[in-house]
Amino acid sequence: MKLSQKEIILNLLEEHEEGVHSFTLIRDHWILRASERIRELKEEGHNIISTPEKMGKAYGVRYTLQK
């Protein structure tokens with residue numbers, strides 16, 4: 001069974017206490033609209049913190065799941 005993008009993101013957030021960078025979601029998982037999936041997860045009650053963070057020369061966001 002193929003996981004949805006929301007399920008992939010939630011699994012990654014649960015596996016990585018340090019959080020997951022938006023560029024990593026694009027590069028490694030082809031999730032182009034991560035911010036929309038994060039918004040949906042927040043609406044479902046998940047406590048996810050979004051922190052602006054530079055990766056290389058470009059700015060993105062680090063998503064961290066708070067337990």
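These legends walk you through several close-up views of a predicted model. Residues are numbered from 1 along each chain as its sequence is written, and side-chain values use heavy atoms, with hydrogens and water left out. Because the model is predicted, local features need pLDDT of at least 70 and side-chain atom pairs count only at pLDDT 80 or more, while totals for chains, interfaces and linings use all residues.

**View 1. Three strands form an open sheet.** The order is β1-β3-β2, and the pairing is antiparallel. Strands here are DSSP runs of E with at least two residues, helices are runs of H or I with at least four, and both are numbered from the N terminus. Two strands pair if DSSP finds at least two bridges between them. At the edges stand β1 (20-21) and β2, each with a single partner strand, so one side of each has no neighbour in the sheet. Helix α1 packs on this sheet and touches β1, β2 and β3, with its direction at about 75° to that of β3. Contact means heavy atoms within 4.5 Å.

**View 2. Strands β2 and β3 make a hairpin.** Two residues lie between β2 and β3, and glycine 56 in the turn has a positive phi of about 70°. Strand β2 (residues 48-55) runs antiparallel to β3, and eight bridges join them. Which residues of β3 are the bridge partners of glutamate 53 and lysine 54? Glutamate 53 is partnered by glycine 60, and lysine 54 by tyrosine 59.

**View 3. Proline 52 sits in strand β2.** Is proline 52 buried or exposed? Its relative accessibility is 67%, so proline 52 counts as exposed; the cut-offs are under 20% relative accessible area for buried, over 50% for exposed and partly exposed in between (1.4 Å probe, protein chains only). Leaving aside neighbours within four places in sequence, proline 52 is in contact with Gly60 and Val61. The C-alpha atoms of proline 52 and arginine 62 are separated by 6.3 Å, although the two are ten residues apart along the chain.

**View 4. Threonine 64 lies in strand β3 (residues 58-65).** Threonine 64 has a relative accessible area of 15% and is therefore buried. Setting aside neighbours within four places in sequence, its contacts are Leu13, Glu17, Glu18, Gly19, Asn47, Ile48 and Ile49. Isoleucine 48, counted in the same way, touches Leu13, Ile38, Leu41, Lys42, Tyr63, Thr64 and Leu65.

**View 5. Helices α1 and α3 cross.** The axes of α1 (residues 5-15) and α3 come within 10 Å and cross at roughly 80°. That makes α1 roughly perpendicular to α3. Gln5, Lys6, Ile9, Leu10 and Leu13 of α1 meet Ala34, Arg37, Ile38, Glu40 and Leu41 of α3. Axes are lines fitted to C-alpha atoms, for helices over the stretch in contact, and angles run from 0 to 180 degrees between N-to-C directions. Angles of 65 to 115 degrees count as roughly perpendicular.

**View 6. Tryptophan 30 is in a loop.** This loop runs between α2 (22-29) and α3 (34-43). Tryptophan 30 is exposed, because its relative accessible area is 67%. Phi of tryptophan 30 is near 55°, a positive value in a residue other than glycine.

Conventions. Angles under 35 degrees count as roughly parallel, over 145 as roughly antiparallel, 65 to 115 as roughly perpendicular and the rest as oblique.
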